[in-house]
Amino acid sequence: MKQSRPFPTLITGMLILIIANLMFGAVSIPLNEILKGFQQGSDNYFTLHEYRLPRTLLAVLVGAMMALSGALVQGVIRNPLASPDVLGVSHGAGLAAVIYMTYFPASSIDWLPAVALVGGLLAALILWWLCGQSSSAIKLAITGVALAALYASGVDFLMLVKPLEINNALLWLTGSLWGRGWHQLMMILPWLLLIPVAFWLAKSLNLIHLGDDTAMSLGINANKLRLVSLAVAVGLTASCVAVCGPIGFLGLVAPHLTRKLVGGRHQTLLPATMLVGAILLLVADLVARTIDPPIELPAGLMTAIIGAPYFLWLLFRTK
Amino acid sequence: MTRFSSYVITCVVLLFSVITQATTVQDSKGTFTIDYQPKRIIVLEFSFADALAAVNVSPIGIADDKDPTRVLKDVRDIIGDWTSVGTRSQPSLEVIASLKPDLIIADIARHEAVYKDLQKIAPTLILPSRRETYEGSLKAAGIIGKVVGKDSAMQTRLQKHKTIMMELAKQLPHNAEVQFGVARDDALFLHTADSYAGGVIRALGLTNAETGRDDSAYRQTGLEQLVAINPEYLLIGHYVTPSIIDKWQNEPLWSVLKVARNKHLYKVNPNVWSKSRGIVAAERMGQDLIKILNAK
């Protein structure tokens, strides 16, 4: 089912969702009040300008970046079940964050994103050291999954040994947009530079899909391409996880849905998957905020609820 | 200058200094200053609601996990109705903003990440609540009293609290060993000597059980460890029924415990004993203990 004009539809959908995210929440704000709300001193200034707007923009960016990262990983690993999770980045970031929270409970929470970012990047470096420059896609994936499992067991161990900090740690590990604002948005911005790099790789990613040997005969250095793509994917994932926690399944589901919509040509797949990722996270956060106000559920819970069944369905379909 | 005009000036200056007198206290983030008496207060932990109730101040919003019964009945009776602002772990900043508060009281353990956002909504007093000791919670109540402009009322209330606790202590057997814990489906957490409940137990002239070297307020404990600790009295707040304690009672090892042999296992309300952590809660706990320890 390929849509003939996916981009206008996707962009319209995203814009509608952005407006919906600004309008709805624990307190609904009518459409005509929204523009007024951006003027300082107005009634809804805090809710709109300081809270919903940065949070919505963050959902767009994080959704797009996680999805793009997923598309890159699936592109070079050449496996539909691959996602940024197979690189162990989010688990590494999670382990670093949990260590920080359990062993330094008194230290400022402001440092948490930096700690998680370092953890995520370190996990990617470990994977690189283990696999070296020229390893096959499958070796990379299996090593990554094993490492991810190792980090996850580390997290479990810490939470069992130090059960006190479970609440905060679990909340962070689910991935949430709660309490994230302009400051976090600014932290994400520099990483947007990776997006043009990803687009620049698009053509080569199409070729590597034909297999390493064919790609090589067409003038592509498969190992180098893999390294650059994965490095970009790592940067995108690590920066998002650092700010929002590991929001599950986005990197897996978004590229998949997009491939169904626009096909596998990376020049269209990459931008389209960013839109789909943004839409998914916007929906997840909107639902998480409005399902039972004033209780706020973590957005990661919502993406997992959508993502896990989709993943199962995928497993059964993939023979 | 005539004498009359100098009187007038003195009076005006005095009046002015009274009106604009700013209160300054130390909170978990440094100095907190407020120069008016807050009328629209939002609290993000139960212990702060308890402190406000102690001086008859009603918050307009409480992070009550959307379950008003989690706030102590004695506290509810004093403060009346309020608006829920969501969970204590992730309170809804939109609802907080929509209530237009003029003071927010937050918990350093839970809300440090949104401290800056809260400050954009209203002046925010940030104090420890979670894992706070009994003495610490009384100190926090004293600070809250100053900030809401009820310093003398709070000091009187704290003094009265001391008297009440001493009266309660007189009615209790001296130095009886009492241990409190909360039981979930799969785990028992003992509240140690460093916890709020541990402090209240000591304040009532009772002793804490020796829970081993661990400086944390809440300690997860297995059945074998419980046998090693072997407290005289065991008070359990059940978060679920049947909890792990109900399951343990069918095990042979359970019968070794002093509490099993002397039938000194009691149920208490975990909302009072674990979640509230305030003045009113401590008095309620004292009354619970009188009922339990004097029932022969």
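This is a predicted model: local features need pLDDT of at least 70, side-chain atom pairs count only at pLDDT 80 or more; totals for chains, interfaces and linings use all residues.

Student: Where do I start with a pair of helices: at what angle do α4(A) and α5(A) pack, and how far apart are their axes?

Tutor: Start with the angle and the distance between the axes. Helix α4 of chain A, residues 89–103, packs against helix α5 of chain A, residues 112–131, at an angle of about 135 degrees. Their axes are 7 Å apart. Angles over 145 degrees count as roughly antiparallel and 65 to 115 as roughly perpendicular, so α4(A) and α5(A) are oblique to each other.

Student: Is the crossing of α4(A) and α5(A) left-handed or right-handed?

Tutor: α4(A) passes α5(A) in a right-handed crossing.

Student: Which residues in α4(A) and α5(A) meet?

Tutor: From α4(A) the list includes V89(A), H91(A), L95(A) and Y100(A), and from α5(A) it includes L112(A), V115(A), L122(A) and A124(A). Glycines take part too, among them G92(A) in α4(A) and G119(A) and G120(A) in α5(A). By residue type, this contact has 14 nonpolar, five polar and no charged residues.

Student: What other helix packs with α4(A)?

Tutor: Helix α11 of chain A, residues 222–244, packs with α4(A) at an angle of about 35 degrees, and the axes are 9 Å apart. This crossing is right-handed. V89(A), S90(A) and A93(A) of α4(A) make the contact with V234(A), T237(A), A238(A), V241(A) and A242(A) of α11(A). Here the division is six nonpolar, two polar and no charged. Note that V89(A), S90(A) and A93(A) are also among the residues of α4(A) that meet α5(A).

Student: How do I check the length of a helix such as α4(A) against the span it should have?

Tutor: Compare the expected span with the distance between the end C-alpha atoms. At 1.5 Å a residue, the 15 residues of α4(A) should span 21 Å, and the end C-alpha atoms are 21 Å apart, so the two agree.

Student: How many residues of α4(A) are buried?

Tutor: Count neighbours: a residue is buried if 20 or more other C-beta atoms lie within 10 Å of its own. In α4(A), 12 of the 15 residues are buried, which leaves the helix mostly covered. The buried set includes G94(A), V98(A) and M101(A).

Student: Does G132(A) count as buried or exposed?

Tutor: G132(A) is in the loop between α5 and α6 of chain A. It counts as exposed because it has 10 C-beta neighbours inside 10 Å. In sequence G132(A) is 95 residues from L227(A), while their C-alpha atoms are 9.9 Å apart.

Student: How many residues are in contact between chain A and chain B?

Tutor: The size of an interface is often given as the accessible area lost when the parts come together. Here we count residues in contact: 19 of chain A and 22 of chain B. On the chain A side, α3 and α7 each supply at least two residues, and α3(A) gives the most, with four. The chain A side divides into 12 nonpolar, five polar and two charged residues.

Student: How many helices and strands does chain B have?

Tutor: Chain B has 14 helices and 13 strands. Of its 296 residues, 45% count as buried.

Methods: Residues are numbered from 1 along each chain as its sequence is written. Chains are lettered from A and ligands numbered from 1 in the order in which they are written. Axes are lines fitted to C-alpha atoms, for helices over the stretch in contact, and angles run from 0 to 180 degrees between N-to-C directions. Angles under 35 degrees count as roughly parallel, over 145 as roughly antiparallel, 65 to 115 as roughly perpendicular and the rest as oblique. A crossing is left-handed if the near helix is turned anticlockwise from the far one by less than a right angle, and right-handed if clockwise. Two residues are in contact if their C-beta atoms, placed from the backbone, lie within 7 Å. Ala, Val, Leu, Ile, Met, Phe, Trp, Tyr, Cys and Pro count as nonpolar, Asp, Glu, Lys and Arg as charged, and the others, Gly among them, as polar. The expected span of a helix is 1.5 Å times one less than its number of residues.
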